[in-house]
Amino acid sequence: WLFFFFLLSLGAMLGGALLSGATLLGATLTACDLQNAVYDERTTFPAGFAPAEAGMVNAADVGSTSVA
């Protein structure tokens, strides 16, 4: 996990990633491409992070977390 958080701090490209249930507490997400990444009610974010403002999509809004 430490390496994953290091990649996030460098601006990882996670656009379209399925992040349902992911624990992202402590991650620096400001430099990441999270456009269309999917999260759900189990996904935890750093305090103050707004997934919708980062372009993320709530799985409940699309009705499915499956990836084609």
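Q: Among contacts between residues at least 6 apart in sequence, what share joins residues at least 24 apart?
A: In this chain, 9% of those contacts do, where contact means heavy atoms within 4.5 Å. The model is predicted: local features need pLDDT of at least 70, side-chain atom pairs count only at pLDDT 80 or more, and totals for chains, interfaces and linings use all residues. Residues are numbered from 1 along each chain as its sequence is written, and side-chain values use heavy atoms, with hydrogens and water left out.

Q: How many helices and strands are there?
A: The chain has 2 helices and 2 strands, in the order α-β-β-α from the N terminus. Helices (H or I, at least four residues) and strands (E, at least two) are DSSP runs, numbered from the N terminus.

Q: Where does T43 lie?
A: T43 is in the loop that runs between strand 1 (38-39) and strand 2 (57-58).

Q: Is T43 buried or exposed?
A: T43 counts as buried because its relative accessibility is 8%; buried means under 20% relative accessible area, exposed over 50%, and partly exposed in between (1.4 Å probe, protein chains only).

Q: Which residues does T43 touch?
A: Not counting residues up to four places away in sequence, T43 touches L19, S20, G21, A22 and L24. A polar atom of the T43 side chain lies 2.9 Å from the backbone oxygen of L19.

Q: What does the side chain of T43 reach at 3.1 Å?
A: That is the backbone nitrogen of D40.

Q: Back to the chain: what percentage of the 68 residues is buried?
A: Buried residues account for 31%.

Notes:
A polar contact is a pair of N or O atoms within 3.5 Å; within protein, one must be able to donate a hydrogen and the other to accept it, and residues adjacent in sequence count only if both atoms are side-chain atoms.
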